[in-house]
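Subject: Structure handover and notes

Hello,

Here is the structure for your files. Please open it next to this message.

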Amino acid sequence: MGLATRILQKANLVVRLVLACAFAPVAVFSIPAVAHAAWWEPSTPWNGELYVYCLEDYVYQSDSLRFTLDIMGIGSDSHGLRFDIALTDQYGNAVRWDDVDPRKLPVGVGFGHASYFTVNSDDLYRLQPGPIVISAHLQYYNGSTGAWTDTARPDGAADFILYGGNRPTPLPEFPLPGCFADMQDPNDWRYDGVYGVAAAGLITGYDNGLFGVDDSLSTAQLITILWRYAEPEASSNTDPSAVLNKTYLIDVEDFQYYTAAVNWAFENGVVHGMQTPQGYILDPNSPVSTERAMTILANYLTKDEPAMSAQEVDGFLLKCTDGSSVSEWARPSMAWALKTRMISGYDTASGREIRPWENIARGRFAVILNNGMETGALPPNNPGIIPD
C-alpha cells in the first residue's frame, strides 16, 4: 500500500468521525470512544491469542504487582481490542480494571503486543491474603460486522500468593506459604535464580515444599528441565506411564518421568550417551558435573559445538584459575557459558573458579538458567518466560 493511499484512507476516516460527531452527538457520548472503530473496515478479522504472565511468585499487600498481557496473533491489520481484567481472591473479592487502569480499552493494537500493568498497594489491600488469580478476557472489534468478537483464545490467567501487611525485613525464618522452605533468605545469591526459574515453570520443587537448592542435579532432571523449556505443551500433556524408551541408551528405562524428555533430547542431538563395553549409557540418575551440564545446555542452544575459535576458548578459560582443568571435550561449551554470562564462577582468594568437576546443585543450575533468561542467551520461546 502506497504512502499516498494510506494518507487518503486516514483522511477519509477523520472525515467520517467528524460527520459522526456532528450528526449523532448523543450516540457518540453514550458509548465508549473505542466504538469509533466501527468506521474501520478491516479485510480480515483479527483472531489472535492472549497470554497472561505474573512476574512475581508472591507479593505483599504493601507492594506493587506488575504483570503482563501478551497478545499474539496472525495477520497484518491493527484492530480495536478490549480487555476485561480482574484480580480475584479466594473469597470472591475482586479488583476490576474498570476502576484501576485507563488502558482497559486500547485501540489500534497490533499482534505481538505486550502490555504491562501495575496494581498498586491500595488496590491489593482490597483483597484478602492467600491465592490470587489474574484473569483476562480479550475481544477485538470486527469492523465488518460492527460487533465485539472473542479472539481464538480469549481467556488467559495467572496466579500468585498475596501476603498480608508489609514485607518483613529480613524475611522470617519459618516457611512462608507459596515459598520454598529452603529458600527464604532474599540475600542468598541463589534466591532470584530459584524463584525466576520456578515462575517460568522450568524447575519445580519437591512435594515436601523444598526446592532442593543444595541437592545435586541429575542428568535426567537437567534434560527434563530443557524439555519443559523447549516443548512446554508436550511436556505438560505427556503421560509418563505410556512412554517407551526410543533411544539406544541401554540404561534409560520406560515409563519414567524423564523418558519422554530423553527421547526428545536424543532425537535433537542434545545428548548422545557415553560408550561402554556393554553399550551406550546416559547414567540418568547420577549427579551431573558442571562441565557436562554446560555441554548439554550448549548442545541444545547452539544446535552444535559453539562457534568459537581455539584462541577464544583459551582466552575465556584462562581467566579462571581452574580453567585448565576443564576436560578437552567440554572446553568449547564451558567457554561459551562464560562468554554468554550464563556462568561467572566463584570468587576465591586465589581468583575466579568455575569448578568444572563439581556436581552441579539444583540451586546453582537455577541461577545459570535465570542468567540465560536475563541476558537473552536463553530465548523466551516458552510462553512462561517473558522478560521484564
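Below are the notes, grouped by site.

First, the ground rules. This is a predicted model, where local features need pLDDT of at least 70, side-chain atom pairs count only at pLDDT 80 or more, and totals for chains, interfaces and linings use all residues. Residues are numbered from 1 along each chain as its sequence is written, and side-chain values use heavy atoms, with hydrogens and water left out.

**Asp-182**

Asp-182 sits in the loop between β8 (147-163) and α4 (191-199). Helices (H or I, at least four residues) and strands (E, at least two) are DSSP runs, numbered from the N terminus. Asp-182 has a relative accessible area of 25%, so it is partly exposed. The cut-offs: buried is under 20% relative accessible area, exposed is over 50%, and partly exposed lies in between (1.4 Å probe, protein chains only).

Leu-210 is 28 residues away along the chain, yet its C-alpha atom is 5.7 Å from that of Asp-182. Beyond neighbours within four places in sequence, Asp-182 contacts Leu-210, Phe-211, Gly-212 and Val-213. Contact here means heavy atoms within 4.5 Å. The Asp-182 side chain reaches two backbone nitrogens: that of Gly-212 at 2.8 Å and that of Val-213 at 3.3 Å.

**Helix α4**

On α4, the buried residues are Tyr-191, Gly-193, Val-194, Tyr-195, Val-197 and Ala-198. They pack against β2 (58-60) and α11. After α4 comes Gly-201, with a positive phi near 75°.

**Salt bridges**

The count is nine salt bridges. The rule is a side-chain nitrogen of Lys or Arg within 4 Å of a carboxyl oxygen of Asp or Glu. One of them joins Asp-123 and Arg-126, at 2.8 Å from N to O. Asp-123 is buried, at 11% relative accessible area. Arg-126 is partly exposed, at 43%.

Four residues form a network of salt bridges: Glu-353, Arg-355, Glu-358 and Arg-364. Within it, Arg-355 meets Glu-353 at 3.0 Å, N to O. Arg-355 also bridges to Glu-358, with the closest N and O atoms 3.9 Å apart. Glu-353 has 19% relative accessibility, so it counts as buried. Both Glu-358 and Arg-355 are buried too.

**Glu-358**

Where does Glu-358 sit in the chain? It lies in the loop between β12 (351-353) and α11 (362-375). Its relative accessible area is 18%, so Glu-358 is buried. The Glu-358 side chain makes a polar contact with the Tyr-346 side chain, at 3.0 Å. A polar contact is a pair of N or O atoms within 3.5 Å; within protein, one must be able to donate a hydrogen and the other to accept it, and residues adjacent in sequence count only if both atoms are side-chain atoms. Leaving out neighbours within four places in sequence, Glu-358 touches Val-288, Ser-289, Thr-290, Tyr-346 and Arg-364.

**Helices α9 and α10**

Helix α9 (residues 310-317) packs on helix α10 (residues 331-339) at an angle of about 65°, with the axes 9 Å apart. Axes are lines fitted to C-alpha atoms, for helices over the stretch in contact, and angles run from 0 to 180 degrees between N-to-C directions. From α9, the contact uses Glu-312, Val-313, Asp-314, Phe-316 and Leu-317. From α10, it uses Arg-331, Pro-332, Met-334, Ala-335, Leu-338 and Lys-339.

Best wishes
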